[in-house]
Amino acid sequence: MSKAKRDKAAKPSKNASIRRSYRSKQRSTSIYFLLWAVFAAFSLLIVLLFGFMERVLITQTYKQEAAIELNEKGDRIERMIGNAFENGLPPEYRGSLSTYIRTLSSANGVDIFILSAEGEVIAPQVPTIGGDDEMAGLFDFGDRIRVLLAALEEKQSSTVIYEGEGEYVYGAEMRVYGQDMYLYVSKSLDLMVAASEQMGSRMVVVAIFIFILAFAVSSAVSGWLARPITEMTKKAELLARGDFAVDFHGNDYGQEMVALADTLNYARDELSKTDRMQKELIANVSHDFKTPLTMIKAYASMIVEISGDVPEKRNKHAQVIIDEADRLASLVGDMLELSKMQSGIAELKNETFDMSAYLHEIIGRFDYLKETQGYTFEVDVEDGLYTAGDELKLGQVLYNLIGNAVNYTGEDKQVRISLKRTGERIFRFAVTDTGAGIKPEELPTIWDRYYRSSDAHKRPVKGTGLGLSIVKTVLERHCFVFGVNSEVGKGSTFYVDFPLSEEQTNGDQ
Ligand code: ADP
């Protein structure tokens, strides 16, 4: 591979590297995975909840009910058997206690035994079991009688109910023919255990089903949610590359997406506005630079070729050069000033000065227009109004506002300027022209840097579009109130409210 080729391969395109450098450094997880994880966790939670309900609540309830039922049945059986011992068996049992007990057992769905204190089965008579160990185990009450005796002892009562191994037991002490015997009524829990196991396996099926469902739903939902985001990301990349024609829309995706799309559309409009303004600024500034430069060149050539030897003409031509150079300098100065002020580098002075006197001086700078172009200035300035602030910069504000009024006033070339107290500690500067006024939709934008109305080219005096931006920046930094009232076809009044200086208010008294 040649060196040039290697270099090219090593360096990604500028756009790609810009995009990559703005990509989040954090490792992020896809919305697909996040949603799936949430759904999966949620379904797991539901399954666990079901499991818990089944294991604990349902089993518990079942057991409680079984205990209550067994208690009732045991109590009844105890009374019936006690009665049989006392008064003899009902005649139909023909003296067979075992038959009586077996009948009671099957009628109540429980096992009934009468046991001795050693665990021997006294009734019903147990069939001969032979060598069947399993069957023999059913009638071996050795351990069970110990548990029953311990339960009775613990409860200090003649009857007890408790959960034994795989069964619920109702036990009661009985005294029959002078001997201690025990009624042992039990209800097997096998059925419940079987039902619970069946439920458990059903739960596994339900869990698998829920997981599959969660996967399907989360895939569908995350796809649906991610689609507008992916689309917007692609469009935002286009916007970042300067394509202001992109249109974001979040319809059909909920109000949050609509709000995001609206915000992105707003950002696009603002970016395109700034972009347009900057292009216009370059056009305007180049034009404004070109005019004085052309003049300077033309007059310098004239001095060299024609008027060099004629002092009177030469001085006149040199003066034009000086004036145009001044214009250029002030244009560059304005731009520097504005950027310094907006970036916060420029410090503002705070001095108390006579605004009335200063305004007269500023108005004086427009005197030449009266004589050469027939402008009339109606001046109504109250004397001796002092304020505190940066004198030079505030002077520039008034100069710019009066300059605009001159530029934009009507055919009658009239400009009205006033400076008057409007409150105890406040006075207002206002400058009114009789021009075309400003359209309401343009009012908020005229203060923007580089903004110039669409018909700016028709103006007799060319500006840079920085005037009002300087006004706004200076006044905002002073925290002074300012604004404009304008009526299309009638003219505009720009105003600034100055705080009456402390010194002055004191001086009045
Ligand atoms: P410039 O006057 O150099 O264009 P400014 O920042 O002073 O720049 O003004 C910005 C815009 O505000 C002007 O282009 C014009 O459209 C509007 N404007 C300012 N003053 C007036 C006025 N007195 N009457 C009408 N429009 C005005």
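This is a predicted model: local features need pLDDT of at least 70, side-chain atom pairs count only at pLDDT 80 or more; totals for chains, interfaces and linings use all residues.
**A sheet, a helix and some aromatic pairs**

Five strands make up an open sheet, and their order across it is β2-β1-β5-β4-β3, with antiparallel pairing. At the edges are β2, residues 121-123, and β3, residues 159-164, and each of these pairs on one side only. On average, neighbouring strands of this sheet are turned by 35° against each other, if direction is ignored.

Helix α3, which runs over residues 31-87, packs on this sheet. The helix touches β1, at 111-116, as well as β3, β4 and β5. The direction of α3 makes about 20° with that of β4.

Inside the sheet, take β4 and β5. Strand β4 covers residues 167-176 and strand β5 covers 179-188, and the two pair in the antiparallel sense over 10 bridges. As an example, E167 has S188 in β5 as its bridge partner.

Now the aromatic residues. How many aromatic pairs does a search of the whole structure find? The search gives 10. I'll show two of them.

In the pair F113 and F141, the ring centres are 4.7 Å apart and the planes are at 55°, so this pair counts as tilted. F113 belongs to strand β1, while F141 is in the loop between α5 (133-138) and α6 (142-155), so the pair ties together parts that are 28 residues apart in sequence. Are these residues buried or exposed? F113 has a relative accessibility of 9%, and since the cut-off for buried is under 20%, F113 counts as buried. F141 is buried too, with a relative accessible area of 0%.

The second pair is W447 and F494. Their ring centres are 5.8 Å apart, with the planes at 70°, so this pair is edge-to-face. W447 sits in the loop between β10 (426-433) and α13 (467-478), and F494 sits in strand β12, residues 491-499, so here the parts tied together are 47 residues apart in sequence. Both W447 and F494 are buried.

Back to F141 for a moment. Together with F113 and Y184, F141 forms one aromatic cluster. The ring of F141 also has a charge over it: the charged end of R144 sits 4.2 Å from the ring centre.

Notes
Residues are numbered from 1 along each chain as its sequence is written. Side-chain values use heavy atoms; hydrogens and water are left out. Two strands pair if DSSP finds at least two bridges between them. Helices (H or I, at least four residues) and strands (E, at least two) are DSSP runs, numbered from the N terminus. Axes are lines fitted to C-alpha atoms, for helices over the stretch in contact, and angles run from 0 to 180 degrees between N-to-C directions. Contact means heavy atoms within 4.5 Å. Rings of Phe, Tyr and Trp (its six-membered ring) pair if their centres lie within 6.5 Å; planes under 30 degrees apart count as stacked, over 60 as edge-to-face and the rest as tilted. Buried means under 20% relative accessible area, exposed over 50%, partly exposed in between (1.4 Å probe, protein chains only). A charge sits over a ring if NZ of Lys or CZ of Arg is within 6 Å of the ring centre and within 35 degrees of the ring normal.
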